[in-house]
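These are my notebook entries on a structure that I looked through piece by piece. I set down what I looked up and what I found.

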Amino acid sequence: MKQVYVNEEWCLGCHLCEYNCAYANSGEPDMVKALKGKKIEPRISVCDKDDVHFAVSCRHCEDAICVKSCIAGALHYENSVVVIDKSKCVGCLTCVLVCPYGAVRESDEGVATKCELCTTNSHGTPACVEGCPNRAIVFEER
Amino acid sequence: MQSYLIIGNGIAAAGCIEGVRERDAEGKITVVSKENHPVYCRPLISYYLEGKTDLKKMMYRRESFYRDMKCEVIYGKSVVKLDEKEHTAHLSDGSKISYTKACLATGSVPFLPPMRGIEKVKNKFSFMTVDDMLAIEKAVSEKSRVLIVGAGLIGLKCAEGLADRVADITVCDLADRILSSILDEECAAPVMKHMEKHGTEFMLGDTVEEFDENRATMKSGRTVEFDVLVTAVGVRADTVLMRDTEAKIGRGVTVDNKMKTDAEDIYAAGDCTESTDISSGQKKVMALLPSAYMQGKCAGINMAGGSETLENEIPMNSIGFFGMHIMTAGTYFTEAEGGKTVTLRYENGIRKFYLKDGFLRGFIFVGKTERAGIFTALIRNRQPISEVDFELLKKNSDYTGFSSENRRKIFGGVV
């Protein structure tokens with residue numbers, strides 16, 4: 001399955017992927033309206049240490065512990081992509097407790113949110129990949 | 001053809017059904033369900049009272065689940081006797097079911113110590129099932145005074161669920177702090193304060209001496225007037241069916257890492273079992289939804305001839321009250337037990353890490369819970385602390401605390 005991978009040697013730490021992610025998932029057609037003056041809630045996050053930078057997002061594990069642990073039956077697979085049914089999620093955050101990658105977070109609405117490879121928004125293909133200026137983030141089969 | 005019998009219809013049963021079907025598309029699966037409901041998300045009963053979910057949304061699987069899984073469910077009946085040698089289960093209506101492999105997924109039952117005068121209380125409930133939840137919903141009004149006996153996970157979630165529906169809530173517990181099974185004193189205090197701010201009253205270190213219909217007289221001499229009583233003192237693994245079998249029973253039915261009991265062709269999964277907690281090496285009743293599902297699935301796969309094992313179970317909890325999140329995992333070894341505690345205090349929270357013999361064994365996070373899973377994985381994978389930069393990891397709580405080689409392995413980067 002095609003996945004988002006980050007080549008950390010190439011990551012500049014510009015955090016642009018976070019903005020592109022937040023925009024793609026905002027449902028707003030206008031990027032300025034989507035992001036200006038707002039606290040963004042990206043589903044990919046860049047970690048920085050000195051001159052080391054890398055972005056982390058959901059790995060869409062084959063036998064994902066978040067799916068097995070979801071107490072609300074909200075996390076599930078759609079065509080091998082781990083997605084969340086927000087109407088079922090009650091915000092217990094058990095997924096945050098078990099995700100070994102730290103790739104699930106709580107949204108402002110009090111439910112869990114995570115990368116769904118842009119399959120559930122209007123973008124269609126991973127916005128973080130498309131907008132990466134140094135092509136550090138790739139979407140490929142490995 | 002194999003015939004699989006699953007006793008119980010909770011999360012462990014759902015896992016078992018899915019496990020069996022991964023390997024055996026045709027074998028007959030029969031589920032005996034005491035409750036008259038398809039499998040639902042049991043921990044969501046408090047969220048229902050709170051208005052965060054509804055009866056339909058709290059179903060664990062889609063409506064066509066049992067049909068898709070070609071599985072017969074017998075509702076409203078229970079297994080009263082298991083004949084290990086004959087491979088036969090006797091049901092409450094006198095009928096019998098034969099099986100080739102069975103899975104005990106009976107969960108737990110509320111434990112109620114003898115309490116003087118309890119029989120005089122008319123409006124009393126447990127808080128374990130959808131039926132309990134519906135009964136409580138029906139019994140309360142905005143004028144209700146609710147007394148909850150037990151300040152554990154169940155009692156406090158019930159308090160949160162009812163907070164906006166009743167006049168007042170008092171929670172009492174013999175322990176001197178709330179959530180004593182998962183929190184230490186220092187971490188319990190801010191949670192209790194937060195709940196008090198939201199209207200919950202506590203009477204800790206105190207117990208009910210005697211009940212009248214609407215009054216509890218406490219050991220301390222104080223009295224609590226109430227209209228509705230919820231008892232949430234504790235639960236016990238429901239192992240009664242295994243008494244006449246070869247299975248070992250501790251605090252739950254003992255299972256090995258394949259979820260097999262010592263009884264012939266009988267597996268067990270979920271809250272009725274005790275299994276090994278790798279953070280302490282002790283046998284424990286996990287009584288957690290993730291464990292129930294994973295154990296059920298593991299049992300199902302093995303019942304259908306597979307060889308699945310579950311090696312890295314630990315107790316863990318993610319629970320919140322009125323917006324304050326708590327995450328705990330593993331075992332909290334004290335200094336006397338050779339453990340070392342590292343505490344980080346934040347403006348709105350606290351993180352405690354428990355280390356022993358070069359491994360992270362447990363943690364308590366209150367208020368500051370983001371990316372807790374990185375630490376859960378350290379415990380579950382028994383990764384030596386020496387392999388990470390723990391100073392950085394505990395501070396940043398991200399993968400900067402790992403070596404780039406480690407990161408490449410974990411994230412599948414180009415090597």
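**Entry 1: a hairpin in chain B.** I began with β4(B) and β5(B), which form a hairpin with 4 residues between them. In the turn, B:His87 has a positive phi of about 55°. I noted that strands here are DSSP runs of E of at least two residues, while helices are runs of H or I of at least four, both numbered from the N terminus. Strand β4 of chain B covers residues 79–83 and strand β5 of chain B covers residues 88–91; the two pair in the antiparallel sense over 4 bridges. Two strands count as paired if DSSP finds at least two bridges between them.

**Entry 2: the ground rules.** I recorded that this is a predicted model, in which local features need pLDDT of at least 70 and side-chain atom pairs count only at pLDDT 80 or more, whereas totals for chains, interfaces and linings use all residues. Residues are numbered from 1 along each chain as its sequence is written, and chains are lettered from A and ligands numbered from 1 in the order in which they are written.

**Entry 3: strand β7 of chain B.** A residue is buried if 20 or more other C-beta atoms lie within 10 Å of its own, exposed if 12 or fewer, and partly exposed in between, with C-beta atoms placed from the backbone.

I then looked for the partners of β7(B). Strand β1 (residues 3–7) of chain B runs parallel to β7(B), and 4 bridges join them. B:Leu5 has B:Ala102 as its bridge partner in β7(B). Strand β19 (residues 266–268) of chain B also runs parallel to β7(B), through 3 bridges. There, B:Cys103 stands opposite B:Tyr267 in β19(B).

**Entry 4: an open sheet in chain B.** I traced 5 strands of chain B that form an open sheet with parallel pairing, in the order β9-β16-β10-β11-β12. At the edges stand β9 (124–125) and β12 (200–204) of chain B; each has a single partner strand, so one side of each is left without a neighbour in the sheet. Within chain B, strand β10 (residues 145–149) and strand β11 (residues 168–173) are joined by 5 bridges and run parallel. One position I checked was B:Val149, whose bridge partner in β11(B) is B:Cys172.

**Entry 5: chain B as a whole.** I listed 10 helices and 26 strands in chain B. The radius of gyration of chain B is 23 Å, close to the 22 Å that the globule rule gives for 415 residues, so chain B is as compact as a globular protein of that length. The radius is taken over C-alpha atoms, and the rule is 2.2 Å times the number of residues to the power 0.38. Of the 415 residues of chain B, 47% count as buried.

The domains of chain B are domain 1 (3–35 + 42–107 + 237–303), domain 2 (118–233) and domain 3 (326–411); such bounds come from an automatic or database domain assignment. The C-alpha centres of domain 2 and domain 3 of chain B are separated by 33 Å.

**Entry 6: where the chains touch.** How many residues of chain A are in contact with chain B? I found 28 residues of chain A in contact with 36 residues of chain B. α4(A) gives the most to the side of chain A that touches chain B, with 4 residues. By class, this side of chain A has 16 nonpolar, 6 polar and 6 charged residues. Contact requires C-beta atoms, placed from the backbone, within 7 Å. For the classes, Ala, Val, Leu, Ile, Met, Phe, Trp, Tyr, Cys and Pro count as nonpolar, Asp, Glu, Lys and Arg as charged, and the others, Gly among them, as polar.

**Entry 7: a cysteine in chain A.** I located A:Cys14 in the loop between β1 and α1 (16–24) of chain A. A:Cys14 counts as partly exposed because it has 15 C-beta neighbours inside 10 Å. I also looked up A:His53, 39 residues apart from A:Cys14 along the chain; their C-alpha atoms are separated by 8.8 Å.

Notes: Two residues are in contact if their C-beta atoms, placed from the backbone, lie within 7 Å.
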